[in-house]
Amino acid sequence: MNIIIVGCGRVGRSIADQLNTEAHSITVIDENAEALDKIADTQNVMAIRGNGATYSVLSEAEIDTCDLLIAVTAADELNLYTCLLAKNAGVLSTIARVRNPEYINDVELVKDDLKLTLAINPEFTCASDIARLLKYPGAVKISSFSKGMIDFIKVRLTDKAPIVNKKVADCTSVFKGMARLCYVERGGEFHIANGDFVLREGDLVSMVVPAGSAAKLLKTMGTASNKGRSVMILGGSKIGFYLAKILRETGISVKIIENNPLRCEELAEDLDGVMVINADAMDEDLLLSEHLDRMDGVVCLMDTDEENLLASMYARKVNPKAKIITELGNLKFSSVIDTLPLDSVIRPKQLTGEYIVRYVRGMQNAVGNNVETMFKVNGDQAEVLEFIVREKSAVTGVPLSKLNLKGDLQIACIGRNGSVITPGGNDTIEKGDRVIVITKHKGLSDLRDILR
């Protein structure tokens with residue numbers, strides 16, 4: 001596909017990077033020459049300097065051959081206008097980043113008038129993911145599939161976990177049909193574990209469970225499962241705003257520490273029932289005086305990764321039982337980050353890129369058995385994909401044991417008529433199913449791609 005990305009900030013670069021792995025033709029537009037030079041030196045893209053909200057610049061980017069335009073500049077209004085301009089130029093699909101909380105509801109009302117295909121709000125999406133983690137503090141990561149019918153849960157194995165030092169094949173008696181172990185991350189390496197793989201303390205283990213079973217699974221694994229009742233947010237960013245709003249609606253006590261007095265006034269005015277403190281979140285004495293050591297959850301959302309990393313490690317030191325969540329904007333040095341004593345790490349820019357890649361794959365095969373949901377594992381070593389089976393094909397009606405599946409690939413579960421099937425060799429994939437696949441192969445866009 002021919003794709004134009006307007007905006008070359010961190011989000012634009014992340015989207016371009018992920019779409020590049022999908023073998024698309026990418027053109028990036030920005031007025032910042034330094035940003036364009038940086039992306040042109042590291043990625044296979046065409047870089048054009050100029051205002052992407054003008055027809056002359058879009059024409060230079062060959063808007064007449066464009067299949068998808070993505071507007072992710074820092075200005076919501078500019079993104080919306082650029083998409084409107086692209087639609088009028090004949091582009092079939094447009095995506096705009098809309099971050100302002102005041103616009104979040106209004107955009108849906110005028111989406112058709114603006115001829116907008118999709119509006120994304122990275123900060124709200126990120127806040128929703130954080131809220132889910134605070135609900136299940138024993139999980140390192142939790143993702144929903146099949147419209148909330150299936151959960152993927154990642155847990156770090158402690159010495160209390162009943163599956164430590166067991167083979168994967170022997171975990172069946174522990175899970176008792178409640179979960180299926182899908183993959184393991186160990187020492188920066190990713191394993192789609194076979195039955196003989198032995199689990200060790202410290203492993204990051206990902207399992208698939210029916211919705212509503214997460215708390216029971218976490219209890220079985222010997223990790224905390226009760227959601228926190230008090231949360232401290234370090235940093236009053238847009239993510240912090242959305243998160244505080246979500247948590248307050250569920251009855252959780254929220255405290256925000258923000259250094260900018262004007263931002264504090266805005267937060268205090270817009271967030272009823274949330275304590276907003278104007279102070280330096282890197283002040284140890286201040287954190288202790290505000291009872292950091294008693295919080296059930298601590299979320300670090302400050303301006304720099306360095307601050308968030310240091311604050312997270314300090315919070316872990318003074319409050320070993322709390323759920324600590326760390327925002328990281330830099331997608332590099334993942335191998336180093338994975339070795340640090342961090343609980344859960346959130347990467348908003350990566351989430352946005354994954355969301356758009358999922359949408360693009362769906363565009364490529366709109367009538368087939370296309371990707372509905374996707375997330376990347378351990379940087380970019382593997383993908384978890386959800387396919388909707390819309391038509392019969394070579395993969396339907398055939399026992400799984402007789403399918404010639406690619407290596408480094410596992411069918412984790414099948415959703416059918418509201419129930420979740422943990423597949424065995426005699427099970428089949430049928431029209432109407434939702435199929436979860438884990439694979440090291442990149443770019444799968446149709447369920448038939450699982451075959452050799």
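Me: Where is Arg358 found in this predicted model, and why is Arg358 called buried?
Reply: In this predicted model, Arg358 is found in helix H14, which spans residues 348-364. Its relative accessibility is 15%, and buried means under 20%. The value falls under that cut-off, so Arg358 counts as buried.

Me: Which residues is Arg358 in contact with, leaving aside its neighbours within four places in sequence?
Reply: With those neighbours set aside, Arg358 is in contact with Val371, Glu372, Thr373 and Met374. Contact here means heavy atoms within 4.5 Å. Arg358 and Leu385 are 27 residues apart in sequence, and their C-alpha atoms are 9.0 Å apart in space.

Me: What makes Thr396 a buried residue, and where does Thr396 lie?
Reply: Thr396 lies in the loop between strand E19 (382-388) and strand E20 (409-416). The relative accessible area of Thr396 is 11%; the cut-off for buried is under 20%. Therefore Thr396 is classed as buried.

Me: How do you know which backbone oxygen lies 2.9 Å from a polar atom of the side chain of Thr396, and what is Thr396 in contact with?
Reply: The backbone oxygen belongs to Ser393, and 2.9 Å separates it from a polar atom of the Thr396 side chain. A polar contact requires a pair of N or O atoms within 3.5 Å. Leaving aside neighbours within four places in sequence, Thr396 is in contact with Val389, Glu391 and Ile429.

Me: What makes strand E20 mostly covered, and which strands pair with E20?
Reply: Of the 8 residues of E20, 7 are buried. E20 pairs with strand E22 (residues 434-439) in the antiparallel sense over 6 bridges; in E22, Ile436 is the bridge partner of Cys413. E20 is also joined to strand E21 (residues 419-421) by 3 bridges, and these two strands run antiparallel. Pairing needs at least two bridges, so E20 pairs with E22 and, by that rule, with E21.

Me: How many residues stand between E20 and E21 in their hairpin?
Reply: The hairpin has 2 residues between E20 and E21, and Asn417 in the turn has a positive phi of about 55 degrees. Arg416 stands opposite Ser419 in E21.

Me: How do you know which strands E5 pairs with?
Reply: Strand E4 (residues 68-71) is joined to E5 by 4 bridges and the two run parallel, with Ile70 opposite Ile95. From E4 the chain crosses through helix H4 (residues 76-88) to E5, in a right-handed β-α-β crossover. E5 also pairs in the parallel sense with strand E6 (residues 118-120) over 3 bridges, and Ile95 stands opposite Leu118 in E6. The rule asks for at least two bridges, so E4 and E6 each qualify as partners of E5.

Me: How many aromatic pairs are there, and why is the pair of Phe152 and Tyr183 called stacked?
Reply: The count comes to 4 aromatic pairs. The ring centres of Phe152 and Tyr183 are 6.1 Å apart and their planes stand at 25 degrees. Rings pair if their centres lie within 6.5 Å, and planes under 30 degrees apart count as stacked, so this pair is stacked. Phe152 lies in strand E8 (residues 150-156) and Tyr183 in strand E9 (residues 180-186), so the pair ties together parts that are 31 residues apart in sequence. Both Phe152 and Tyr183 are buried.

Me: What makes the pair of Phe241 and Tyr242 edge-to-face?
Reply: The ring centres of Phe241 and Tyr242 are 5.5 Å apart and their planes are at 65 degrees. Planes over 60 degrees apart count as edge-to-face, so the pair receives that name. Both Phe241 and Tyr242 are buried, and ring pairs link Phe124, Phe241 and Tyr242 into a cluster.

Note on methods: Residues are numbered from 1 along each chain as its sequence is written. This is a predicted model: local features need pLDDT of at least 70, side-chain atom pairs count only at pLDDT 80 or more; totals for chains, interfaces and linings use all residues. Side-chain values use heavy atoms; hydrogens and water are left out. A crossover is right-handed if, with the strands pointing away from the viewer, the path from the first strand over the helix to the second runs clockwise. Buried means under 20% relative accessible area, exposed over 50%, partly exposed in between (1.4 Å probe, protein chains only). A polar contact is a pair of N or O atoms within 3.5 Å; within protein, one must be able to donate a hydrogen and the other to accept it, and residues adjacent in sequence count only if both atoms are side-chain atoms. Rings of Phe, Tyr and Trp (its six-membered ring) pair if their centres lie within 6.5 Å; planes under 30 degrees apart count as stacked, over 60 as edge-to-face and the rest as tilted.
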